[in-house]
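Work through the exercises below with the sequence and the structure side by side. Each task is followed by its solution in steps.

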Amino acid sequence: MTNRTIYRAGCASLALALMLAAAPAQAQDAGTDAAAEDDGAIVVTAQRREERLIDVPVSIAAIGEDRITATGARDVGDLGSYVPNVVIAEGTGLGSGVAIRGVGAASRNIGFDSRVGVYLDGVYLGQSPAINQSLVDIERVEVLRGPQGALFGKNTVAGAINLVTAKPTDEFSAYGNVRYGNYDAWSLTGRVNIPLAEGVAMKLSGSRNKRDGFIHNIFDNTYGDTVDTWTWRGQLRIDATPNLQLLISGDGLIGRENGNLGNVLTNSTGTTIDTIAPGRREIAVSRTQSNDRTLWGTSFDAILSLDSGHTLKSQTSYRDTKFRTIHDPDYSPFDIFYIDYRDRYKQFIEELQFVSPGGQPFEYLAGLYYYRTDADTTRLAYTGSQGNLLFGSPNNTTLPSAGTVLTENIAFYANLTYDILPNLELGAGFRLSRETKKATFTINGSRLPVLGIATGSFADKRKDEDFSPSVTLTYKFSPEISAYARYAEGYKSGGYNLDFVSSASFPNGIEFDKETVKNYEIGLKGSVEGGRLTFALAGFIADYQDFQINQFRDLGGGRTAIVIGNAATVQTKGIEFEMTARPVRGLTLAGGIGFLDATYDNLPLDPTTIVGGKLPNAPDAQASGSIEYETGVGGDLMLRGNFTYTYRGNYFSTISNGRQVTVGSPAGPVAIPFDRVRGFSYADARLALGAENGRWELALFGRNIFNNTYVEGYERDFFGTMIEALGDPRTYGVEATFRF
């Protein structure tokens with residue numbers, strides 16, 4: 001199937017879903033029974049107070065627990081397919097990252113922060129190894145697109161993802177799920193909610209998730225892209241007084257997994273095609289990449305309701321992230337070179353909020369935010385027992401580097417809304433912040449001068465101050481339909497490139513400045529026909545200044561170095577549309593589509609060449625549509641089915657915006673695709689039979705059920721090896737769920 005055929009099929013499927021969704025009025029003969037079980041009043045906390053989704057004047061998607069179950073999503077990375085203009089890298093290591101509206105980046109080293117804030121119940125989770133959390137006992141996932149600096153801390157220039165857990169209740173309940181699938185995938189998930197006394201309840205949950213990998217290392221018969229995690233969470237809710245509620249939470253994740261090296265296209269230096277492991281999903285390397293994660297965190301929330309109707313909230317949290325990866329960057333079966341990275345982050349956050357009563361013509365909240373992270377890294381590179389094959393240097397040579405970054409951020413923020421007229425509301429907010437970073441770094445590349453790696457020590461301190469305002473005007477055509485216009489600013493702090501940098505850029509070139517964004521957005525959202533149809537439409541333009549770009553820069557002679565610099569300008573613009581329709585009882589149609597144009601300008605590609613082009617990893621279109629249907633089949637049994645179709649359009653993997661490269665082969669020079677990713681699509685499905693009261697359920701599930709083979713990205717590694725990252729093949733299985 002050609003790319004054009006895939007695109008037309010995606011548009012046709014989406015158009016069909018939209019036409020069906022737009023016709024709820026034609027189902028009037030279904031009477032009252034056809035009305036939606038809810039009226040679109042999904043409650044979210046995107047603006048730090050509970051509001052209906054359709055009332056929040058910002059581009060936001062909410063994925064509830066039912067939707068998570070229906071799609072078979074197991075972690076945050078699985079959700080990126082279902083939200084327009086959102087891309088989530090489904091890794092567990094330094095390549096994990098989130099891009100919203102084309103903007104995002106993996107935080108490969110401790111001196112470079114992510115652009116999209118991922119939060120667990122409002123607590124910032126930190127850098128890449130901590131992002132891809134398991135979806136254990138998650139009530140909903142809120143995805144906020146665009147800068148959210150006024151209300152969320154730490155670099156939310158592109159957006160925020162908030163994982164909201166289900167809190168302990170006063171009724172006993174228990175849940176269990178067991179799943180088995182191909183690739184010897186299995187998981188066990190359980191949770192229990194226990195009332196301990198009047199106003200005191202505890203909830204415990206955990207999961208074990210394991211799967212063989214998709215990438216076969218034919219050198220030692222191991223597999224990459226494996227899954228092997230333990231996840232747990234505990235919560236204790238105490239209603240200390242009628243006006244004071246306390247919540248103590250703890251969570252953790254242990255992962256011992258092999259990373260996904262992708263499909264190797266060339267030899268180690270990128271000069272000829274790979275002939276050792278030419279099959280797709282095959283590699284031949286001396287060491288399969290390992291990713292070890294140990295994450296845990298705890299938080300203490302106190303909510304005090306004052307007699308005046310105001311609320312005072314305090315959230316104190318601590319998180320600890322340890323990550324280690326061992327990787328073979330020469331991508332060969334010879335023991336030439338390997339790296340051993342060890343990173344750790346210790347994070348403390350205190351946040352205070354003062355919130356006015358809801359439902360008033362004038363509402364406001366104000367907050368104080370303190371954030372501190374102590375990060376340290378040890379990065380070692382080794383030549384192996386056959387290192388002389390590539391370097392002509394002694395074997396077993398060590399290239400060490402180590403660094404620390406102490407980050408402190410203090411901010412004051414406020415947000416208010418005022419009803420100028422009965423149907424016209426003005427909103428305004430700001431965040432005033434100051435962030436300091438103290439960095440130390442030592443690197444020694446003198447033992448292998450052929451690589452051009454720096455040698456020396458570095459210590460520095462930088463401070464970023466920022467004022468990020470936002471203004472929103474909302475007009476309500478009715479209680480259920482509103483339009484808004486929004487202006488918002490945000491910033492991402494500067495930092496340091498604490499990686500294996502070149503001698504030419506050290507030490508003056510490893511610091512980079514902060515970036516800022518100005519975002520303009522208009523939107524229309526609402527609910528009609530008593531909730532049978534809910535919709536949201538948004539258009540935006542975002543202008544970034546001093547945009548930070550992380551790139552491999554060619555040093556010549558088959559050598560590269562990682563360079564983080566500030567491009568002059570980046571502009572992203574596009575539209576997003578989402579809808580959910582329930583034309584008849586039991587049938588739910590949902591769809592979303594996003595179009596995006598993301599460009600950059602005045603970026604140094606090398607010391608003498610200034611370039612502009614399309615921003616990497618920013619698809620020009622994304623769409624998804626789903627059909628869900630449930631019906632009784634007699635004997636108090638329910639049959640439930642879900643089919644979801646996803647399409648992602650064309651994009652580039654690097655700032656070079658190439659399409660192919662020419663390399664050698666046994667038959668002579670050959671051109672191979674590289675950099676430009678062509679649009680692709682896939683489908684997921686789930687069919688379940690269970691009790692009408694939800695006590696038990698048996699289900700069949702499948703992801704990428706048509707087994708489409710597609711490329712998600714390209715990469716050139718340290719020595720020039722060219723690699724393509726493939727999407728997951730077809731996976732399927734069975735699961736059983738029990739509720740008490």
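**Exercise 1: a strand and its neighbours**

In β10, Ala160 is the bridge partner of Leu144. The model is a predicted one, in which local features need pLDDT of at least 70 and side-chain atom pairs count only at pLDDT 80 or more, while totals for chains, interfaces and linings use all residues. Residues are numbered from 1 along each chain as its sequence is written, and side-chain values use heavy atoms, with hydrogens and water left out.

Task: Determine which strands pair with β10, and in which sense.

Step 1. Strands and helices are DSSP runs numbered from the N terminus (strands: E, at least two residues; helices: H or I, at least four). Two strands pair if DSSP finds at least two bridges between them.

Step 2. Strand β9 (residues 138-145) pairs with β10 in the antiparallel sense, over seven bridges.

Step 3. With strand β7 (residues 116-120), β10 pairs in the parallel sense, over five bridges. Here Tyr119 stands opposite Asn162 of β10.

Task: Decide whether the residues of β10 are buried or exposed.

Step 1. Buried means under 20% relative accessible area, exposed means over 50%, and partly exposed lies in between (1.4 Å probe, protein chains only).

Step 2. In a regular strand the side chains alternate between the two faces of the sheet. In β10, Gly159, Ile161, Leu163 and Thr165 lie on one side, with Ala160, Asn162 and Val164 on the other, and all are buried.

Step 3. Seven of the seven residues of β10 (residues 159-165) are therefore buried, and the strand is largely enclosed by the rest of the structure.

**Exercise 2: salt bridges**

Step 1. A salt bridge is a side-chain nitrogen of Lys or Arg within 4 Å of a carboxyl oxygen of Asp or Glu. The count by this rule is 45.

Step 2. Glu628 and Arg67 meet at 3.5 Å, N to O. Glu628 is partly exposed, at 24% relative accessibility.

Step 3. Arg208 and Asp228 form a salt bridge, with their closest N and O atoms 2.5 Å apart.

Step 4. For Arg686 and Glu697, the closest N and O atoms are 2.9 Å apart. Arg686 is buried at 10% relative accessibility, and Glu697 is buried at 9%. Salt bridges that share partners join Arg179, Glu630, Arg640, Arg686, Glu697 and Glu735 into one network.

**Exercise 3: cavities**

Task: Find which strand gives the largest share of the lining of the largest cavity.

Step 1. On a 1 Å grid over the protein atoms alone, a cavity is a set of points where a 1.4 Å probe fits but cannot get out, and lining residues have an atom within 4 Å of a point. Grid points are joined across faces, edges and corners, and a volume is the space filled by probe spheres set on the points.

Step 2. The whole structure has eight cavities of 30 Å³ or more. The largest cavity has a volume of about 150 Å³.

Step 3. This cavity is lined by 16 residues, of which Asp113, Gln127, Tyr345, Tyr371 and Thr373 are the closest to its centre.

Methods
1 Å grid on protein atoms, 1.4 Å probe; cavity = no way out; pocket = protein on both sides within 12 Å on 5 of 7 lines; lining within 4 Å.
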